[in-house]
Amino acid sequence: MFELIGRDREQSALRSALHRAWSGSGRLALVSGEAGIGKTSLVNAFIESTSSDDVCVLRGACFDFSTTPPYGPWYELMRAYSPSDGFPDVPDFIKDSSALSDLQSQDELFSQMLEFFVNLSRQKPTVLVLEDLHWSDETSLNLLRFIARQLADHRILLIATYRNDEIIRERPLYSMLPHLVREALPARIELRAFTSDEVRQLVPLLYPLSDSDLETTVSYLEQRTGGNPLFILESLRQLELQGNLQQVSGTWELQALDETSVPDLIQQIVEGRLEQVNESTVSVVQTASVVGQQVPVSILDQLLCDDQIADAVDEAANTWLLDVDPTSPQVSFRHALVREAVYECTPYGTRKSLHQKIAEVLIQQAKPDPEIIAWHLRQAGDPRSSEWLIQAGEVSENRFAWHEAVDRYSRAADVINQSVPDHETLAWLMLRIGELLRLADPARANEWLWSAQAHARDGGLRDIFTYAQFAAGQNLCNLGEPTRGLRDIHLALLDAESNDEDASLECSLSFIGPNPAWDMSYSRMIGSYAYWLTAYGRVDESMSIAESAVGNEWKALRTSEARTRYARRATWGARNTFTALAHSYGLRGEPDTSRIAFELALEINRLTDFEPHNVLVSNQALMGHHLPYASDDLLQRSQLVDTIEHWGGVSQGMFTDLYLPGYECLLLWEGRWDELRNIWRENPQPTLFHYWSVATCVRARLARLRGDPDAARNLLSSLLTEGSDTSPDRHVHLIPGEAHRVLADLALDEANTQLAREWMSAHDRWLEWTGAIPGQADGAIRWATIFEQEGDSDAALEQASYAHLLAQEPRQPLSLIGTHRLLGSLLLDQKDLETAEEHVAHSIAIAQACKTPYEEARSRLVQAQIAYVQGNLEAAEEGLSHVGEVATELGAWPMIWQVDRLRRSSNTSPSDGRYGLSGREQEVLALIVEGLTDRQIAEQLFISHRTVMRHVTHILRKLDVGSRTAAAARSVEEKLHLPDS
């Protein structure tokens, strides 16, 4: 307990978290610090302070060197559990790994694990401890994230420790930690090094020294340990072993100290201790270091055949190298750092020989662990490691740990490549890796797939070649190269048709797993081809192919019962066909048929229970059907969103980032702008091109709504690289014409109707090219606005009426909000107040039904204008107050400026000064008031001249003035340049 000096605050934080869990409000606690700082000691002391009769404690850990298998710490945690009467039993797959085959999805595995912990906590408050997460596999962290989000209503305290000095980009915890902090709101406990006073408290507890010896010792320890508790303790013990600390007549005395600085303290301490023990003990300790952190004594017996093993273990324990529990069948190293040091100082040849012997022993066990055996064989340089790596990859894949599976398969391929190439095995491994990486890293996936094609060609494996070509074509589409991608998919389809009478690619190799993503049927290829044709705007071709693939049954699938029956016998790959049909019918303006196709795709996914694709299809349904045609159907929305929000974080290793552009569109419409910004902050760049295209439009529109037109233009210039002349044939059309509409809006914001015309002409060409119906009404709204700004009110009203007709057939609620609002505004200008009021009321009602606060606020702004003209100042001010509150909450600064301008022009109340000036803009404005030039301001604030010019432009626009002089005058009048204004 010496390491707990100075840890009162940390202990108190853990006790507080436990008390919360005790009352049914569980929590995650993250304990971090450098190696040896005392994380485990803190947790041990906390657990010892709780009564085993009152709390159930389960512990698991990750270990370096011996590669941590998927769910490794969770398995260790649960296998140590022994149920008593009335307590739940662990899930079957924990007791018997073969039961994993009964699981249909990661969802089911996660749910069973959570259900076990929840049931256990109902019997007794439960503390789960996961140690050394910096070594964790990604799947274990995904499960941690899943469970951490569910703790709030249960009597569970989950403590996770990790080394914060080992959070590097290459390790899974690096990217997972922000999600845990944001979603679980954990108690965060970071351990610091001991201060001088704390070292001064610790030393006398072990070695009572005179005051002068104590000060010398403390100074020595501070110089060499940096206040690290483990290093302090090991240094003190080493001083005792070396005779620097000696007990004389019942008291301790300090002898001369070696003044040489020790750069690698633990390594030297361990080497020094090994020099003090006999050869048998050295052999035991070195062998144990190769076996792992925890070492079964039976393994040592088989490896060493030494009658003196027990004595050697005791001597190692006496020199503080090993920990021995007489009641346990295994020994363990005192600390992972000790084991690392022993391993490093074991001669390479000895290590290699020991790895070989250990592998042979483990292979003979009743249930050999392929993960551990593969690792030992790899260290021994044994080519058999490829067989065990493939088995380990299968285990990872069956546990829905795809990143880990990729790692094992790629290592196996490396081993096979070092000998005479086995083309069939290599082709299958590379195909498999390429498929597993398809959505996470399509560029890297194609490197594997092209290698698979080469091996398949050399080995005469036509089916593998065909499917690899198809998969690579999909990836090219994912990467924004539709010409090459669609060509390769088409060539693969032609080859598949000529290769087999029933046009089916069946993969028969024994190690292909049950994952539904491994559907290599012709129907999947057809469905994917149809989907990509739709995504890239070739809708007629897509519908022809997809309808032909479904056949005559398509017309009979008009009832939910018929769709369920069909889905039960449909292949998993047919999902792509119906997704393609759903998008195609949506683009063609047939919402009812689009809805039916999406329901079929969702039903097929539901029956396979494969969460990542449930999430993806729900996202597609949001984007392709709900937002354009059913945005006022909140029940449908909640069903789609529940799936996305509940399982959006469970990627099963398929994704580096799980981007959901349809969901992002919905967040924009619902006014959840801060959530959007958080998503983008954590995931700045979508991996897949079609997701990036939609996400870019969403980000650009939000930038405009928040008053940053430059950012909006920069985003869209990366998408439409040739401006308004950009051709539509290489671009995604899932939300037709959105980029052009945002750019037209930006031009109209500046009354640049000529530029707006250019963008809208390009917009109409793109819609004509695809034949898309969604986007036509919104395009007509922009044309009406152009006519209005050009002073042609009759043409504007005619175009607005046309937009309204387009939005009604088929009915598009979000477009109707805009058409009613525009008609209301135009009719207001023509003094037809009654009809204007009716249109605006309809616009507000639809916006409320669609749950879109920004659009409702825009319509209420027009309603306030009408109220001013009617002389109803109270209603107008009430409406503007509501609009101002919404705009302020959203950060929609242009709308705030509109409210201020309307108030000033109506002379009903003084400006409240809320012009949306940022802190930097206030600084610039203050210097303008002082009379400084742009260059002088740049020098004063240490920013560029160009940046100052941009700030001045924003200030003039926000204050609605035409010059710097006018801005300075208003600032002085309203004290805008003062920090507290």
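Where is Tyr71 found? In this predicted model, Tyr71 sits in the loop between β2 (56-61) and α3 (72-79), with helices (H or I, at least four residues) and strands (E, at least two) taken as DSSP runs numbered from the N terminus. Phi of Tyr71 is near 60°, a positive value in a residue other than glycine. Tyr71 counts as buried because its relative accessibility is 0%; buried means under 20% relative accessible area, exposed over 50%, and partly exposed in between (1.4 Å probe, protein chains only).

Asp132, likewise not a glycine, has a positive phi of about 60°. The loop between β3 (126-131) and α6 (138-148) holds Asp132, and this residue is buried, with a relative accessible area of 15%.

Further along, a cis peptide bond joins Glu809 and Pro810, with omega about -5°. Pro810 lies in the loop between α38 (793-808) and α39 (813-829).

Arg704 belongs to helix α33 (residues 689-705) and is buried at 19% relative accessibility. Leaving aside residues up to four places away in sequence, Arg704 touches Ala712, Val742, Asp745, Leu746, Asp749 and Pro894, a contact being heavy atoms within 4.5 Å.

As for confidence, pLDDT (the predictor's confidence in each residue, from 0 to 100) averages 86 over the protein chain, and 92% of the residues score at least 70. Over residues 501-517 the pLDDT is below 50, and this stretch has 39 contacts in the model beyond near neighbours in sequence. Where pLDDT is low, the predicted coordinates should not be read in detail.

Residues are numbered from 1 along each chain as its sequence is written, and side-chain values use heavy atoms, with hydrogens and water left out. Local features need pLDDT of at least 70 and side-chain atom pairs count only at pLDDT 80 or more, while totals for chains, interfaces and linings use all residues.
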